[in-house]
Amino acid sequence: MERDLLAKLLVNLTRSHDGVLSQAELVKGFESVLSTLEDAVNDAPKAPEFLGRIFGKMIVENVMSLKEIGRLIGEGGEEARQLVEIGLGGDVIGSTLGMIKRERGESVLNEIRGSSCLRLEDFRPSHPNRSRILETFF
């Protein structure tokens, strides 16, 4: 489970007393990953799910908020909203929510969702190719 170790490393680097990784650097790194996600899916079809698990860890460890993750996903891709329009944004946010639910339970998930004011409808693509992962949260 290297992906889980990567999420743990990012949490620890962001929380370190030496300030090894600042919040701004973490956000910039995630923006970079999201900008290339569409291409990455060709080589790693589960990349959106893996990224969602990392985002979920950032949220449950209070490193980033669901609102901030949602903003990054919404703006992600080569152009703003591109990931949402092709369905990858829904896969990432759905995987993020699934990880939170598995790790902390449905009540914590509902609390996090409620405090974020994030509208899941905003992550549905306009065409019929909907995210199977996101649809489980409607």
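Ser-95 lies in helix H7, where helices (H or I, at least four residues) and strands (E, at least two) are DSSP runs numbered from the N terminus. The model is predicted, with local features needing pLDDT of at least 70 and side-chain atom pairs counting only at pLDDT 80 or more, whereas totals for chains, interfaces and linings use all residues. Residues are numbered from 1 along each chain as its sequence is written, and side-chain values use heavy atoms, with hydrogens and water left out.

## Exercise 1: the overall fold

Task: State how many helices and strands the protein chain has, and judge its radius of gyration against the globule rule.

Solution. Begin with the elements: the protein chain has nine helices and zero strands, which from the N terminus on gives the order α-α-α-α-α-α-α-α-α. Next, take the radius of gyration over C-alpha atoms, with the globule rule being 2.2 Å times the number of residues to the power 0.38. The chain has a radius of 14 Å, close to the 14 Å that the rule gives for 138 residues, so it is as compact as a globular protein of that length. Along the principal axes, its C-alpha atoms fill a box of roughly 45 × 35 × 25 Å. Finally, count contacts, meaning heavy atoms within 4.5 Å: among those between residues at least 6 apart in sequence, 70% join residues at least 24 apart.

## Exercise 2: helix H7 and one of its residues

Solution. Buried means under 20% relative accessible area, exposed over 50%, and partly exposed in between (1.4 Å probe, protein chains only). By that rule 13 of the 17 residues of H7 are buried, so the helix is largely enclosed by the rest of the structure, while across the protein chain buried residues make up 43% of the 138. Leu-51 and Ser-95 are 44 residues apart in sequence but 7.9 Å apart in space, C-alpha to C-alpha. Just after H7, Gly-105 takes a positive phi of about 95°.

## Exercise 3: the aromatic pair and the core

Task: Classify the aromatic pair and place its two members in the largest nonpolar core.

Solution. Rings of Phe, Tyr and Trp (its six-membered ring) pair if their centres lie within 6.5 Å, and planes under 30 degrees apart count as stacked, over 60 as edge-to-face and the rest as tilted. One aromatic pair results: the rings of Phe-30 and Phe-55 have centres 4.8 Å apart and planes at 80°, so the pair is edge-to-face. The pair links distant parts of the chain, since Phe-30 is in helix H2 (residues 23-35) and Phe-55 in helix H4 (residues 47-60), 25 residues apart, and both are buried.

A nonpolar core is a set of buried Ala, Val, Leu, Ile, Met, Phe, Trp, Tyr and Cys residues joined through side-chain atoms within 4.5 Å. The largest has 37 residues, and those with the most contacts inside it include Phe-30 and Phe-55. H4 gives the most to this core, with seven residues. Leu-26, also among those with the most contacts, touches Leu-10, Thr-14, Leu-21, Met-58, Val-63 and Met-64, leaving out residues up to four places away in sequence.

## Exercise 4: residues in the loops

Solution. Glu-61, in the loop between H4 and H5, counts as buried at 18% relative accessibility; beyond its neighbours within four places in sequence, Glu-61 is in contact with Val-11, Arg-15 and Arg-104. Asn-62, found in the loop between H4 and H5, is exposed at 68%, and has a positive phi of about 60° although it is not a glycine. Arg-81, in the loop between H5 and H6, is partly exposed at 34%, and its phi is near 70°, a positive value in a residue other than glycine.
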